[in-house]
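Me: Please take me through this model with questions and answers, and define each term where it is used.

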Amino acid sequence: MHGPDDAAEQIAALLDGIVRRQRRASREGFGESVTHGQFRVLRTLDRADRALRLSELAAQLGIVPRSATSVVDDLEAAGLVARQPDPHDRRATLVDLTPDGRQILNTLREKRRDVMVSQLSRLTDAEQQTLAHLLHRLAED
């Protein structure tokens, strides 16, 4: 390594590889039936703990409403989310997880956790604590 730019590039590449491997492994058994974008929608709806307007969902995901509509269309066709009229605004539509959507999300989360546990098993407890500490520092706003 020749400097901070090289280190930054190497770290970025390593993190990208780890994330890709984890995503790929957590989807095993689902094929490509749930994309990363769809997973993000399911996770966002779950964390909201209530039905969200499409515009709210898009804002929380940091995407344009048109893109959110497209992802929700696919998830609705798969039976993982359901649309319902907003009782407070007839022009708006609410989106929420279906029981199947919640089950798939839980299964994907369990698989993701299992993959991470497997990856972390190569590290000592002290190394895991150090890694968690460093990642928290990097994740701070």
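Reply: Axes are lines fitted to C-alpha atoms, for helices over the stretch in contact, and angles run from 0 to 180 degrees between N-to-C directions. Helices (H or I, at least four residues) and strands (E, at least two) are DSSP runs numbered from the N terminus. This is a predicted model, in which local features need pLDDT of at least 70 and side-chain atom pairs count only at pLDDT 80 or more, while totals for chains, interfaces and linings use all residues. Residues are numbered from 1 along each chain as its sequence is written, and side-chain values use heavy atoms, with hydrogens and water left out.

Me: In what order do the elements of the protein run from the N terminus on?
Reply: The protein has 6 helices and 3 strands. Read from the N terminus on, these elements follow the order α-α-β-α-α-β-β-α-α.

Me: How do H2 and H5 lie to each other, roughly parallel or roughly perpendicular?
Reply: Helix H2 (residues 36-48) and helix H5 (residues 99-120) pack with their axes 10 Å apart, at an angle of about 110 degrees. Angles under 35 degrees count as roughly parallel, over 145 as roughly antiparallel, 65 to 115 as roughly perpendicular and the rest as oblique. The angle therefore makes H2, relative to H5, roughly perpendicular.

Me: How many charged residues has the contact of H2 with H5?
Reply: Contact (heavy atoms within 4.5 Å) is made by Phe39, Leu42, Arg43, Asp46 and Arg47 of H2, and on H5 by Gly101, Arg102, Leu105, Leu108, Arg109 and Arg112. Asp, Glu, Lys and Arg count as charged, Ala, Val, Leu, Ile, Met, Phe, Trp, Tyr, Cys and Pro as nonpolar, and the others, Gly among them, as polar. Besides 4 nonpolar residues and 1 polar, the number of charged residues is 6.

Me: Which residues of H4 make the contact with H3?
Reply: Helix H3 (residues 54-61) packs against helix H4 (residues 65-77) at about 105 degrees, with the axes 8 Å apart. The residues of this contact divide into 6 nonpolar, 1 polar and no charged. Leu54, Leu57 and Ala58 belong to H3, and those of H4 are Pro65, Ala68, Thr69 and Val72.
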